[in-house]
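Reader: I have a structure on my screen and would like to understand the terms used to describe it. Could you take me through them, setting each value against its definition?

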Amino acid sequence: MRNYREALVIGDLHFRDDIAPGYLNIQAETILRLTQQKHYDYVIFMGDVLEHRNSKSTVLLKFYELLASIKAGEIIIIRGNHDTVSKTNTTDTVLSVFRDRATIIADITTLKLFHTVVDFVPHFEDEKIIKNFVKKRSNVVFGHWGIDGIANSKGFTYESKVKRTDFNNLVFLGHLHTHSIKDNVHVIGTPYSTNYSEANQHKYYYEMRFESNGTVTPYPKKMKFGIKHISAFMGNIDNLYRQYEPQAFYTLLRMNMDDLDEFKERELREKIQKKYKYNILDIRFDNLLSKHSSRFHTNAKLFNINDGILEEYIEQNSTIFEKDELRSMLKEIHDY
């Protein structure tokens, strides 16, 4: 009898059907291929399995079919912010429709995986809920939220009430899309790039061993198939193809041009079609506007910030900040 159990841990999927025909199928096929590499005792999805809070039935059914095809001892899904029915601290989630296929972590839950006690902490808009729970615990943590000082996919450092020093054990996170390891915090990252802000990146998933002594041993694994966004100029496209091997992926290639010229665009398309492998090609024109600073200035205030604007902003945008914090920051910017 084995004295360990194996887990496959997969970051944010963002299943959607509004990118291109067949894109949703490619997402599902990528994840199914991952799960078929071996028999896993646990398959853990780290949240944001859906892109839209109100996903279409086609997207829900595709993920349901994927779950039915996964051969594992147990499937666990953590509620992410995109999986939550509204932008509040509610635990209500559309993931409940998958409860006959998987264990749904809608609220803070503690489970024992083999001999390891694990705290599962889903997303909450109020980060104090997370902080107040984890700072009293010493278990391994799986969650969907950001930690202060960890960079997001655009390279900006995440600001959060939750600190790395709040934890006494290993932490594994969804929510942030770029894989990273800082101290005891492992950001899983997405298994494929989800948009061009994540272009030209290697993506990862994790295999883990839950040992008989209650410890967890993580093994980050670089993705070698799936979906990859590449953003390039003619001057660096060869290097990018050597470094990221997009020919092995379903590739969305964005080529950036520095001149607005119809003939050059046709010529570029023909050259790319002959030499490079890709599935979707997007031509973008770069630096169309002058780079010099504007001379325009005014002492007049162009608009007034009021509660109505703030309420609309808060309701329509994802943010880690509370309303009072936003009001204070926006007022400071406006006054300046």
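**Rings, cores and strands**

Author: Ring pairs link Phe15, Phe45, Phe63, Tyr64 and Phe98 into a cluster, where rings of Phe, Tyr and Trp (its six-membered ring) pair if their centres lie within 6.5 Å, and planes under 30 degrees apart count as stacked, over 60 as edge-to-face and the rest as tilted. This is a predicted model, in which local features need pLDDT of at least 70 and side-chain atom pairs count only at pLDDT 80 or more, while totals for chains, interfaces and linings use all residues. Residues are numbered from 1 along each chain as its sequence is written, and side-chain values use heavy atoms, with hydrogens and water left out.

Reader: What makes Phe45 and Phe63 an aromatic pair that is edge-to-face?

Author: The structure holds 11 aromatic pairs, and in the one formed by Phe45 and Phe63 the rings are 5.7 Å centre to centre with 75° between the planes. Since the centres must lie within 6.5 Å and the planes must be over 60 degrees apart, the pair formed by Phe45 and Phe63 is edge-to-face. Phe45 lies in strand 2 and Phe63 in helix 2, so the pair ties together parts that are 18 residues apart in sequence; helices (H or I, at least four residues) and strands (E, at least two) are DSSP runs, numbered from the N terminus.

Reader: Why is Phe45 called buried, and why is Phe63 called buried?

Author: Buried means under 20% relative accessible area, exposed over 50%, and partly exposed in between, with a 1.4 Å probe and protein chains only. Phe45 has a relative accessible area of 0% and is therefore buried, and Phe63, with a value of 0%, is buried too.

Reader: Why is the pair of Phe172 and Tyr206 edge-to-face?

Author: The ring centres of Phe172 and Tyr206 are 6.2 Å apart and their planes stand at 70°, so the pair is edge-to-face. This pair links distant parts of the chain, with Phe172 in strand 8 and Tyr206 in strand 11 (residues 204–211), 34 residues apart. Phe172 is buried because its relative accessible area is 0%, and Tyr206 likewise counts as buried at 0% relative accessibility.

Reader: What makes the largest nonpolar core a core, and which residues have the most contacts inside it?

Author: A nonpolar core is a set of buried Ala, Val, Leu, Ile, Met, Phe, Trp, Tyr and Cys residues joined through side-chain atoms within 4.5 Å. The largest such core has 37 residues, and those with the most contacts inside it are Leu13, Phe15, Ile31, Phe45, Phe63 and Ile77. Among the elements that give two or more residues to this core are strand 1 (4–10), strand 2 (40–45) and helix 2 (57–69), while helix 1 gives the most, with 6 residues.

Reader: How do you know that Thr30 is buried, and what is Thr30 in contact with?

Author: Thr30 is found in helix 1, and at 5% relative accessibility Thr30 counts as buried, because the value is under 20%. Leaving aside its neighbours within four places in sequence, Thr30 is in contact (heavy atoms within 4.5 Å) with Tyr192, Met223, Phe225 and Gly226.

Reader: What makes the β-α-β crossover from strand 2 to strand 3 right-handed?

Author: A crossover is right-handed if, with the strands pointing away from the viewer, the path from the first strand over the helix to the second runs clockwise. The chain crosses from strand 2 through helix 2 to strand 3, and this crossover is right-handed; strand 1, helix 1 and strand 2 also make a right-handed β-α-β unit.
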